[in-house]
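Subject: Structure for you to look at

Hello,

Here is the structure I promised to hand over. Please open it first, then read the notes below it.

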Amino acid sequence: MGNHLAGMAMDPWMYLGMALIAAGAPLACYGALPKRKPRHADDAGTSYEARNSTPLNRWHAGVLVVLTLGLVIDVMKPATLGFVLPGMIGEYGITPATAALLPLVALIGTTVGSFMWGWLADVYGRRVSILLSTILFVSTAICGAMPAFEWNLVMCFLMGASAGGMLPVVYALLAEVMPPRHRSWVLVLVGGTGLVGGYLAASAAAHLFEPVFGWRALWLQGFPTGLLLLALARLIPESPRFLAEQGRHAELARMRQRYGIVPRERAPPPEDAPVAHERHGRLTLALTIAALSWSFVNFGLLLWLPSDLQARGYSAELASGTIASSALVALPTVMLAAWLYSRWSSKWTLVGMIALTLAGLVGALLPPELLVWDPLLLGVIAMLIMGTNGMIAVLLPYTAENYPLGTRGRATGLIAGSSKFGGVAVQLFALLGLIPTLGGTALALLLPMAASGGLVAWAGRETRGRSLRDLEA
């Protein structure tokens, strides 16, 4: 059959399978949630954190490996969208405009999922949220067996919702488990490696499987990879403060033995410290504008850059080479960002990456007669690619470090969702025939990007090597 399922009738067993997914997902959520919500108060006796001198051991390494794998698997599925669209268009016999609904729906799902799982992580715990998003991720592998395009839209929304939930919760959990002196570089490196690894894994899977098994195999691979992550879930700990708040003392004792978690008093706030909600309000505004600006640069400028370059008269080789160059510089940029973030300054590393992106936007506004010089054009593109890769590698870790336990998941979810919003908006513009250009997008984003850098410089604070309990003070 050549893996061609379009037009086939869905038999009763297929409908039963879909119904079981619809019923099983909420039942899994109900079964996994604890019986009572944590208090999140200082009087709950929950001041637990690893000492600054605690060395990394095999338990820390296990967490890093599993959560990095989780991010790779998580990012891989939405990254697969671009590889399945050509085959999907051919099999279903739909137009490219109709096919564009798939990435739109998936990106809406990731945006919604970031908010939903961030809230769930704050209310019921980090580990529960990771496991539930993985269960939903496994179930949505059924996308690969959908005989109708409309069913793919439904399941891809749920796939996006599951994928959007992993990223913010992983950052929140790592921030609460890692020793303060290792926290900064671990957050940036794990997050950045997961993002880059997800895109590389998606392209590798498309290269290996799609020519032999067709585009559906790229959806079906979510089933075994998701089960692998569930099998390794026992290496994922819960946040120690959630364990203390829920009275799970045996698990907390194991956390103290494995991860060096000890009771820790919170430092008193300085007399001139701003009111918490005022400080968080200013910082949330700064980080949200930065995330929105990044999303429009990434989805509205870099995504359409090859098309814009070809419209300017550049060869397809040069245009497609921009995508290859982005993959080549992504991982070194993440490594550099992690080193600067942990060795120099968390706040000023973020500001510096915003400034680098801003310089690329300014370069994109140079007169066309100057940008025809290839070295200058490639330099502008390199600044944009390095700046955006560095921004997203630093933005979410910095968010996770700046908010207290009770709002850390929601705050990180808000910024993660904002970083997807540009993709939703740009897909809507594309459906209306409004394709962004290099100069037009750069002009529109110049002011918000500059504003985000200024706001982070003003409202941000240094988190490098500092205790989360001290930061909460």
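The model is a predicted one.

Helix 12 itself runs over residues 249-259, and its buried residues are Leu 252, Met 255 and Tyr 259. Why do they count as lying on the same side of helix 12? Because they cover an arc of only 60 degrees around the axis. As background, an α-helix has 3.6 residues a turn, so residues three or four places apart point the same way. The face of helix 12 turned away from the buried side carries the exposed residues His 249, Ala 250 and Gln 257.

Next is helix 16, residues 346-364. Its 19 residues should span 27 Å at 1.5 Å a residue, and the C-alpha atoms at its ends are 28 Å apart, which agrees. The buried residues of helix 16 include Ser 346, Lys 347, Leu 350, Val 351, Ile 354, Leu 361 and Ala 364. At the start of this helix, a side-chain oxygen of Ser 345 comes to within 3.5 Å of the backbone nitrogen of Lys 347.

Now the cysteines. How many disulfides are there? The count is zero. A disulfide needs two cysteine sulfur atoms within 2.5 Å. For Cys 143, the closest cysteine sulfur is the one in Cys 156, and because the two are 3.7 Å apart, that is too far for a bond. Seen from the other end, the cysteine sulfur closest to that of Cys 156 is in Cys 143, again at 3.7 Å and too far for a bond. Are these two residues buried or exposed? Cys 143 counts as buried, because its relative accessibility is 0%. Cys 156 is buried too, with a relative accessible area of 0%.

Last, a pocket. The second largest pocket has a volume of about 400 Å³. Its lining is made up of 22 residues, and those nearest its centre are Ala 25, Pro 26, Cys 29, Leu 136 and Leu 158. Which helices each supply at least two residues of this lining? They are helix 1 (12-32), helix 5 (101-124), helix 6 (126-139) and helix 7 (149-177). Helix 1 gives the most to the lining of this pocket, with seven residues.

Regards

Conventions:
Residues numbered from 1 in each chain as written. Predicted model: local features only at pLDDT ≥ 70, side-chain atom pairs only at ≥ 80, totals over all residues. Heavy atoms only, no water. Buried < 20%, exposed > 50% of the residue type's maximum accessible area, 1.4 Å probe, protein only. Helix = DSSP H or I, 4+ residues; strand = E, 2+ residues; numbered from the N terminus. Arc of directions from axis to C-beta. Expected span 1.5 Å × (residues − 1). Polar contact = N/O pair within 3.5 Å; in protein donor to acceptor, adjacent residues only side chain to side chain. 1 Å grid on protein atoms, 1.4 Å probe; cavity = no way out; pocket = protein on both sides within 12 Å on 5 of 7 lines; lining within 4 Å. Points joined across faces, edges and corners; volume = space filled by probe spheres on them.
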